[in-house]
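Dear colleague,

Please find below the structure that I am handing over to you. A written account of the findings comes after it.

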Amino acid sequence: MYSALLLLGPLVFGQGEGKKKELPPIEVVKIDHKSPVDFNKEIWPILEAKCAFCHSGNVKEGQYDMATGQALIKGGKRGVALVAGKPEESNLYMMSGRMKKPHMPLKSEEPFTPKELALVRLWIEQGAKMPTEQRQKPKVVISAPPKLVQPIHGVAVAPDKKTVFAAVANRIVEVDAKEGKVLRTFRDESLTPEKDPLKNPGHLSLIESMALSPDGLTLATGAYQEVSLWDVKTGKIRHRLKDFSERVVSLAFSANGKLLATGGGAPTEEGEVRLFDVSTGKETLKLKAPHSDTVFGVSFSPDGKILATGGADKFLRTWELPSGKLLKSFEGHTHHVMDVSWKGDGKSIVTAGADQVLKVWSYENGEQIRTIPGHTKQITRVVFVGTKPEVLTCSGDQTVRVWNVDNGSTVRNFGGSTDFLYAVASSSDGALVASGGEEGTLRIYNGSTGNLIKSVSLK
Ligand code: HEC
């Protein structure tokens, strides 16, 4: 449905032989405004309505966050967004006025009116003043993901291999593994249903992570500042886990299904790792400053006595359970550690890196055993397939692969994806494999042959 919109987009704005026509700059009008512009009353409401859903909370496009005054000035990838007294040097003004690229907002959303732009201009001329008294947590805007963004950030395979679960944008669906038919969606009943019953939201914001308990009875989904534990039989939420500092980007169940570990935390500030009792939903442990950056991977040792975590600070760390004492730190990746997985014998751990390699670590010796190159973009997930010495990976390079960790060779390649992949999972015997990513398409493969069984667009 949205792919149709995507195709229409350029046509609507097109001219001649599909050449894009630029919208002209917004007219600069004079406004009669004697008193100083009031940020809270006059500026924030228009930023909130027209910009902040792409620039705060769970979405920070261009790495630009509008949620606090400081961040609003600081800007994103291109640097300072607001220069007091100088609208022409302020990206916020120049881009929203379509005087500098990229034009803001993006094409499909409502731009500033000339009057709003004039007000922003006047406010910057007057020094871009904002209230400074707020020292508490910034106001966070949580909003539904933009319509054009429908990535799959989580997949899971039911133990009976009959169905596959996928988290696409803010929805959770269960799909028939043979036919590729959507059987049901898991809806958070505290949220307003959408008109299309298949588009019922499972979370308000983008779902960032998903895990299925080994018995297949509990599904965990992580989003901005929350995790929901779903009863798979009824499709209803059993527990809501709250008070996370940021997005929850990794989830793992212990082998006996009793504990859930969560990973996340604020980028470049502090990683967050918490443990919960699955049956009661109560927190049992919160690690103290586990990483200095977002935690992208969590994994329990097979005996449940150790938790391994990997983060954007490039470290793999292991923690004694239930005490939460740091056991070992492993350093070797040159970029974020994106995921971690324990081997079935509990003797080694494999990490996936944004540096495009897998690393195999001996837990006992605390040493690196092997580096496995091959992927050509960051590796976003790694999971051991049952108790075999094989791991399944997916990557930004659009491939899903199986590797033998004992010799570093590629065992199998699963093709067909046409965009960045974020999620991969398999049945414990490796016979059924599922993947998903930026394009919003769930792919189901025969894990033994590598053949594609079904490709299901969930957008
Ligand atoms: C639909 C999402 C969306 C909306 C709405 C939106 N933006 Fe953006 N914004 C983006 C994206 C995507 C980028 C990064 C573009 C790039 O890097 O090429 C960006 C980048 C920016 C940047 C540059 C950040 C940097 O340093 O690179 C500024 C400034 C900005 N936006 C201001 C605004 C303003 C002001 C509004 C409201 C009028 C707005 N945006 C609305 C998606 C959005």
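Predicted model: local features only at pLDDT ≥ 70, side-chain atom pairs only at ≥ 80, totals over all residues.

Residues are numbered from 1 along each chain as its sequence is written.

Overall form

The chain is divided into domain 1 (5–125) and domain 2 (152–457); these bounds come from an automatic or database domain assignment. The C-alpha centres of domain 1 and domain 2 are 36 Å apart. Along its principal axes, the C-alpha trace spans about 75 × 50 × 40 Å. The radius of gyration of the chain is 23 Å, which agrees with the value near 23 Å that a compact globule of 459 residues would have. That radius is taken over C-alpha atoms, and the globule rule is 2.2 Å times the number of residues to the power 0.38.

The chain contains five helices and 32 strands. Helices (H or I, at least four residues) and strands (E, at least two) are DSSP runs, numbered from the N terminus. Of the 459 residues, 44% are buried. A residue is buried if 20 or more other C-beta atoms lie within 10 Å of its own, exposed if 12 or fewer, and partly exposed in between, with C-beta atoms placed from the backbone.

The ligand shell

The ligand is surrounded by 24 residues, of which Cys 51, Cys 54, Gly 62, Gly 76 and Pro 105 are the closest. A residue is near a molecule or strand if its C-beta atom, placed from the backbone, lies within 6 Å of it. Helix 4 (residues 91–96) supplies four residues, the largest share of this shell. By class, the shell has twelve nonpolar, seven polar and five charged residues. Here Ala, Val, Leu, Ile, Met, Phe, Trp, Tyr, Cys and Pro count as nonpolar, Asp, Glu, Lys and Arg as charged, and the others, Gly among them, as polar.

Loops and backbone geometry

Pro 105, one of the closest residues to the ligand, is in the loop between helix 4 and helix 5. The peptide bond that joins Met 104 to Pro 105 is cis, with omega about -10 degrees. Pro 102 is placed in the loop between helix 4 and helix 5 (114–125), and the bond from Lys 101 to Pro 102 is cis, with omega near -5 degrees. Arg 98 lies in the loop between helix 4 and helix 5 and has a positive phi of about 60 degrees although it is not a glycine. Arg 98 counts as partly exposed because it has 18 C-beta neighbours inside 10 Å.

The loop between strand 4 (59–60) and helix 3 (69–74) holds Met 66. Met 66 is buried, since 24 other C-beta atoms lie within 10 Å. Gln 63 is in the loop between strand 4 and helix 3, and its phi is near 60 degrees, a positive value in a residue other than glycine. With 13 C-beta neighbours inside 10 Å, Gln 63 counts as partly exposed.

Two open sheets

Two strands pair if DSSP finds at least two bridges between them. Four strands form an open antiparallel sheet in the order 13-14-15-16. Strand 13 (248–253) and strand 16 (283–286) stand at the edges, each with a single partner strand, so one side of each is left without a neighbour in the sheet. The twist from one strand to the next averages 20 degrees; axes are lines fitted to C-alpha atoms, for helices over the stretch in contact, and angles run from 0 to 180 degrees between N-to-C directions. Strand 14 (residues 259–266) and strand 15 (residues 270–277) run antiparallel and are joined by eight bridges. Ala 266 stands opposite Glu 270 in strand 15.

Four strands also form an open antiparallel sheet in the order 17-18-19-20. Strand 17 (295–300) and strand 20 are the edge strands, each pairing on one side only. Strand 18 (residues 306–311) is joined to strand 19 by five bridges in an antiparallel arrangement, and Thr 309 stands opposite Arg 317 in strand 19. Five bridges pair strand 19 (residues 315–320) with strand 20 (residues 326–331) in the antiparallel sense, and the bridge partner of Leu 316 in strand 20 is Phe 330. The hairpin of strand 19 and strand 20 has five residues between the strands, and in it Gly 324 takes a positive phi near 85 degrees.

With kind regards
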